[in-house]
2 protein chains.
Amino acid sequence: MPSNLDWVQNLKPSGPQGSDLLQQERNQSNLDVDKLAEFLFTKECLDRQDKLLNILRAEKVFDKSQNYFNGRNERILDALSRAKRLRQLSVQHAWTQEEYQMANELISEPTPYGLHASMFLVTLRDQGTPEQHNLFLEKAQKYEYIGCYAQTELGHGSNVRGLETTATWNQEDRTFILHSPHLTASKWWIGSLGRTANYAVVMAQLKINSKSYGPHPFVVQIRDLKTHEPLENVHVGDIGPKFGYNTMDNGFLLLNRVKVPHVNMLARFSSVDPQTGKYLRPSSPSLVYGTLTYVRSTIVMQAGSVLARGVTIATRYCAVRRQFQDRDAEGSDTGEDQVLNYTMVQIRLLPLLAATFALHFTGKGMMVLYQENQKRMAGDAGKASDTDRGAGPEELHPGTDLLADLHATSCGLKALASTTAAEGLEVCRRACGGHGYSSFSGIGSWYADYLPTTTWEGDNYMLTQQVARYLLKSARSVLQGTAADNDTTRILHHFLARQDMGAAFDVLTSDTDLVAAFAWRTAFLTFEALKHRDDDKKSWNSLLVDFWRLSTAHSQYLVVKNFHAALDDPMTKSSLDPETLSLLHKLFRLHALHTLEREASEFFASAATTVRQIQLAHTKAVMKLLEEIRPHAVRLVDAWRFPDWQLDSSLGRYDGKVYEDMFYRASELNPLNQVTFDPYPDSGILVRKDERETSGQRVGRDSKL
Amino acid sequence: MPSNLDWVQNLKPSGPQGSDLLQQERNQSNLDVDKLAEFLFTKECLDRQDKLLNILRAEKVFDKSQNYFNGRNERILDALSRAKRLRQLSVQHAWTQEEYQMANELISEPTPYGLHASMFLVTLRDQGTPEQHNLFLEKAQKYEYIGCYAQTELGHGSNVRGLETTATWNQEDRTFILHSPHLTASKWWIGSLGRTANYAVVMAQLKINSKSYGPHPFVVQIRDLKTHEPLENVHVGDIGPKFGYNTMDNGFLLLNRVKVPHVNMLARFSSVDPQTGKYLRPSSPSLVYGTLTYVRSTIVMQAGSVLARGVTIATRYCAVRRQFQDRDAEGSDTGEDQVLNYTMVQIRLLPLLAATFALHFTGKGMMVLYQENQKRMAGDAGKASDTDRGAGPEELHPGTDLLADLHATSCGLKALASTTAAEGLEVCRRACGGHGYSSFSGIGSWYADYLPTTTWEGDNYMLTQQVARYLLKSARSVLQGTAADNDTTRILHHFLARQDMGAAFDVLTSDTDLVAAFAWRTAFLTFEALKHRDDDKKSWNSLLVDFWRLSTAHSQYLVVKNFHAALDDPMTKSSLDPETLSLLHKLFRLHALHTLEREASEFFASAATTVRQIQLAHTKAVMKLLEEIRPHAVRLVDAWRFPDWQLDSSLGRYDGKVYEDMFYRASELNPLNQVTFDPYPDSGILVRKDERETSGQRVGRDSKL
């Protein structure tokens, strides 16, 4: 800062200081933060985070201080530099997959290598034959081939069967001809494709002698390995800027009768006999839904953590920010009140804090279920290896009820978890008032980057249909007495068994009754939907909204059930002290009862509770729980252990120096402040300073007038 | 496009074409779009829009084609160029205030001149004496002084009484000393200040002989009029990037004992006697709330239009986008279904379409009320002139019930309208599925720029307290028999009068009963809140959530009432044909009944309706209304008359050429596609092309490795 501004250096925020306020917050609670953090994540994982953080912070390439100021072109080039350096580091330090993934999470932005590691390598590995592993996977693992997974098209996303790109078998020269017959066949949204990848796994409609066999995967070279120019008959590029996710080069791809040899069709499961041109499918079916289910489980697991970032920032800030005196104290000498003391702020933030734990435990529960299934299937099929991290795509074995149960579960929970996290982040941002709108809050960009999760891997509204379909099927089988035994059929049976008695759930005193009320509501909505569909013969389309409500209810039940089960688990009880358990229990009740009051009309309509119970849930339970949890809020978010470096947030700093940090970024880091505007209507836009050093910033342009 | 890509030029989307689909949509409805548009906006206004559009489209400076691609620095410099050109044009064409404002709306981005025109000029005019008009306003109107309104600080937004900047009277030299005593006193968020303004009206705590008189306005020069450098003892700059609104230079301002002469304190209402140092306040009180009320009325009016942009885009796109066949038609030869046919899409979009009209009519209603009040006050006070566009700040005359009623109304409606518009825009964006996430959808950036409206001019949650306070006061006066007669007291009286009989609203057959049910619910919640506060003596803080619910209920009632009244108005009935009226009536019912079903638990709890009525509202009314309105959806959004140039959206083009437009922008306009990445981990990030022309794009950087 120039010397004539020395007086600025001496300025401090008016007291009490943010750092003192956060200290007070931490002093007023006994919560054992370290113990809770270790229970949530394991000590090994936390130590890994510290180790990786030290490595990343030491390197200039990962420095975040200009992130918020740069435009897309700079951001994406920085992201590419970081992606390369992460790859180099992972080779140098022999990082495991978890370490590599965690390093990326600390960087906190998608990079142009993103889909190479996640989708390209995984698909080659899981859908390729040993021969294809030699041809493609090896080089891809060494980053000699950089690839992507090209499925979605301009005209087709959710309806994969409608893909327009074709792969036509040519018996004469034993090739496939990949072709984009229409503009809408253009691959679109393909991560890592836009500028980076030289290879792609292209999903295309397999055609043999004019007959179509559905979408299959083909390895296609996209760019020259030396010049990196697109190959002939390939038109590829970046699809343009997005609401967020701009550090990724999502790309488009058009193919004009590009030939690939027979061996390029990934053939572990389906293949074309090169001699006869006959379509072959192996006899032991495998699960195609496996990958989807796995990815959806990971989305649920991450949702808690994604939301927790926003909750951490908002909670700390709302403990620092003071505004107005409480109306009943007006005129007294006490200063302004911390906004976290206002119940209107608590009702928005603390249920979200509870949701982070609910989602965390639910995601863990799903993962356990998924891995158990993988083991069982490996036993059954003798095919999928246990060392697989469970990412293999496997076909759904008709009649495998547990898999069907898990698949439906994962659809509904993916939808609920990602919606909860995305919408929760915006609530957090808005709870930060005016300053929440600044990029320095760190919430806006995080939210914008997370938002596509509500659309990809199955549009959330679309997915709810699948859940409804499954629940209707289960209900039919229950009514017919042919149902398998699983959680879903159990709750349906229970509902039917009490048809003539109704429900009497003591939701405000009994946790098991509280969970059971959620189950009851789900069962009620299921049988209502079944009546509309099977008895009233309503069209599927006319019931979509009911199906969405039903799926949401079912998923909310699963979350409440999983949270409750996690707290009841002996492992949990032995790992945590009674105070922590008690606090988690309050969070469980807050989550369940606040959900109940928000969904009150369905709890009435299903007669799961009375009107009075809902009123009391609000006034006597939820409002009281807010009061009880609030003193521990700062320690609870501390337990999520987000390093300041990861959050990159003025409002969410561990030390509470909100205002100092905002001022520093605005006054010292902001390149726009090196640019002097000429404000008058009839002159140019900039005041020219020939002798002024522009510090390498992009400044100055001729006036457009 | 290079010639080896000629094959790309020949590609078209697969049929049916978007343009044909939109044509079919327009063919299947008889709605007279022009007549409705003229009714909503007046022919004069629509003609004005056409005229201005032609002027703007002809000038290169207003070209939008690179908007989405540019980083903040380029965007804001472009915006400054545009602001200057708009000023020149407004002088050249002698534009009225409406024309200037409309031209800005067509540009659709805030510019660095924004707060000069809206707040600086208005404040000088309304709070300045004739002498001050000569000294400051004249030059400001000629854009020799470019100014802003510096009220909000780093530490204080909503609580204006807590501002920390001081203005201390110095009797010796008849000056005020403006000073920022703490870092948190720094002005923050001040539009047009960051790089542009050379003057500011600074709100500072007036201090005379150690006594504080509250915040008052002071004219302060910030920058040198020639060099445009900050003056001595002034630290000013841009506060950095934001979630949106990045074409505005919101600024910070710190003052180190800056002296201004006595005449710089705007003195129309309050002043300091320069001889004695005595604080003077004129005898006829004036309304300080006037400006706030006016601004909030404009926010309500605009909210409908803001939301309608998103609804226009999403409706047209959902009529073009096809995905899956309706499940009941699967296997038939009909192609994939337009997503607008899915009830799950209709339930999200069509109530928002209804809301655009509800908000439009409500905003109009508020404006009428405001202007009537202005006339009445001009009569009373003899002070405020009728030619004022009602923007004068005037003190609230104690006991002026109509003003109090309007003030409370404007608070609650500002909160509801801005929340409805902001959240509705995100629903629209998400309804566009994957492509909704592209900047080319035009919704994301529009939403991001609109979002602060939920926080500024009164944080929405804060404002609901003021509404609740007013409703409680009204309820007390009703119970005591001392109430004035206005709409609020009438609905409270009616509720009390039927205490012993309860309600019997035939909401599904009678519009007046439907409106009355909303009124009943409000009255019920008011008396409940009053009981908690006055009888149970609950703390204000513990009732904040109830107050928020109460304020929301009251505002929802007002919107439904206003919408109903607008349709009942003879003016409306004479301007529109019966078919259009019938359709608007369906939109009214959809708006009211969908709100009712979303707020079901309060309608139960207040016994305004039965559980059964709510169920039927959904299954028999809302779902049926969706079906009836859907065929007219495209024509209805056409009536909002947003030119394609204004929307700048691939998805929302009038002609439905969605895919062609997206592809063109990605393939032809995207500067990132001129940059060739080197993808390998161990090399640099760019492939250097010495002979390649970079077309003036910012390309190339040395590798950071």
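Helices (H or I, at least four residues) and strands (E, at least two) are here DSSP runs, numbered from the N terminus. The structure is a predicted model, in which local features need pLDDT of at least 70 and side-chain atom pairs count only at pLDDT 80 or more, while totals for chains, interfaces and linings use all residues. Residues are numbered from 1 along each chain as its sequence is written, chains are lettered from A and ligands numbered from 1 in the order in which they are written, and side-chain values use heavy atoms, with hydrogens and water left out.

With a relative accessible area of 15%, A:His179 is buried; the term stands for under 20% relative accessible area, with exposed meaning over 50% and partly exposed in between (1.4 Å probe, protein chains only). The side chain of A:His179 reaches the backbone nitrogen of A:Arg257 at 3.1 Å. Leaving out residues up to four places away in sequence, A:His179 touches A:Glu164, A:Thr165, A:Thr166, A:Leu255, A:Asn256 and A:Arg257, where contact means heavy atoms within 4.5 Å.

Two further positions in chain A come from a database record. An unreviewed UniProt entry carries the annotation "binding site" for A:Thr152 and A:Gly191; UniProt positions are given in the numbering used here, feature names are shortened, and annotations may be inferred rather than shown by experiment. Although the pair is spread over 40 residues of sequence, the two cluster in space, with a largest C-alpha distance of 10.4 Å. A:Thr152 sits in the loop between strand 1 (149–150) and strand 2 (166–170) of chain A, and counts as partly exposed because its relative accessibility is 25%. Beyond four places in sequence, the residues touched by A:Thr152 are A:Gly157, A:Ser186, A:Lys187, A:Trp188, A:Trp189 and A:Ile190. A:Gly191 is found in the loop between strand 4 (187–190) and strand 5 (199–208) of chain A, and is buried, at a relative accessible area of 5%. Its contacts, again leaving aside neighbours within four places in sequence, are A:Leu115, A:Cys148, A:Met248, A:Asp249 and A:Asn250.

The unreviewed UniProt entry also assigns residues 32–146 of chain A to "domain: Acyl-coenzyme A oxidase N-terminal". This span is 71% helix and 0% strand, and its end C-alpha atoms lie 45 Å apart.

Helix packing comes next. Two packed helices are described by the angle between their axes and the distance between the axes. In chain A, the axes of helix 15 (residues 511–535) and helix 18 (residues 578–598) come within 11 Å and cross at roughly 35 degrees; axes are lines fitted to C-alpha atoms, for helices over the stretch in contact, and angles run from 0 to 180 degrees between N-to-C directions. Helix 15 of chain A contributes A:Asp511, A:Leu514, A:Val515 and A:Phe518 to the contact, and helix 18 of chain A contributes A:His585, A:Phe588, A:Arg589, A:Ala592, A:Leu593, A:Thr595 and A:Leu596.

In chain B, helix 15 (residues 511–535) and helix 18 (residues 578–598) pack at an angle of about 35 degrees, with their axes 11 Å apart. Among the residues making this contact are B:Phe518 of helix 15 of chain B and B:Phe588 of helix 18 of chain B.

Also in chain B, B:Asn562 lies in helix 16 (residues 544–568). Not counting residues up to four places away in sequence, B:Asn562 touches B:Phe361, B:Thr362 and B:Gly365. B:Asn562 and B:Asp273 are 289 residues apart in sequence and 48 Å apart in space, C-alpha to C-alpha.

Technical notes
Polar contact = N/O pair within 3.5 Å; in protein donor to acceptor, adjacent residues only side chain to side chain.
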